[in-house]
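Please keep the sequence and the model at hand while reading.

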Amino acid sequence: MTRLTIPGPGGYPIPCVHTIRGDERVVLIICHGFGSSKESPTAAMLSQALPALGVGTLAFDFPAHGDSPVDGDALTLENCVADLAAAEALALTLAPGCRPVYFGSSYGALVTLLYLSTCPHRGEAALLRSAAVEPVPLFVGSRTPEQQRQLDSQGFYQFDFHYPRPLKLTRPFFRQLEEYDPFRLWKPGCARLEMVHGDADVVAPLAAAELFAAHSGARLTVIPGGDHRLSIPGAPEKVLELTKALVLDEKIQTRAGSGTCR
């Protein structure tokens, strides 16, 4: 594993970790979930397993997460999407000519969808794990009266849900959650989508994932009894199995091309 920091388009450094040698035909770009980091168990699992298949991996920290040096003032969907673009540019620099594939967990899946919907991109396939496709109910619906009071009076509140570091959530963060609706922004042909979701997910309910899968044409794999983290026995292995199938399928593709969404 190689660690490095790259300049971010938002004016702050982006901590990254990768397994890229330089000759890979496929590189998996990993977007972690809310409150997590590039060091998440899922990112570690993928980074350990895929290089043996000739597939590189690259994970990075969103603003205010992991080793990011900035706080929640920089945590917006626009910045996260821009950081994903920077991560893809890094992957293409480290492995020229590779085909990126995207992996997003929960909030990271939302960022991946918005990136594919609104930005030029080289990759043509993504796997979305426990995708938070309806973020407003998830973030706003769980807000306490005290958090609402703090948001009204000072423009932010600190959110600490057993995360490695508390998160400062601001008005711009919530405003963009309302503005950037993946159901509205998704365009056919942006990318091939695979989704995996647990039917016992109480954070990002399966019903929303089913609606988005029908809306986007994504293939949805449902894990019986699976929670939001897909941590039940056998679930991580299923996520790995689906990821391997996707990256190997992309690896054998010889058609050159890139996403055309703007």
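A residue is called buried when its relative accessible area is under 20%, exposed when it is over 50%, and partly exposed in between, with a 1.4 Å probe and protein chains only. The model is a predicted one, in which local features need pLDDT of at least 70 and side-chain atom pairs count only at pLDDT 80 or more, while totals for chains, interfaces and linings use all residues. Residues are numbered from 1 along each chain as its sequence is written, and side-chain values use heavy atoms, with hydrogens and water left out.

A salt bridge is taken as a side-chain nitrogen of Lys or Arg within 4 Å of a carboxyl oxygen of Asp or Glu, and by this rule there are 16 salt bridges. The table gives examples.

| Partners | N to O distance |
|---|---|
| Asp23 and Arg21 | 3.1 Å |
| Glu146 and Arg149 | 2.7 Å |
| Arg192 and Glu194 | 3.4 Å |

Glu146 and Arg149 lie three residues apart in helix α5 (residues 145-154), so about one helical turn separates them; helices here are DSSP runs of H or I with at least four residues, numbered from the N terminus. Glu146 is partly exposed at 39%, as is Arg149 at 45%.

Through salt bridges that share partners, Arg192 and Glu194 belong to one network with Arg99, Glu124, Arg219, Asp249 and Glu250.

Definitions and conventions: Helices (H or I, at least four residues) and strands (E, at least two) are DSSP runs, numbered from the N terminus.
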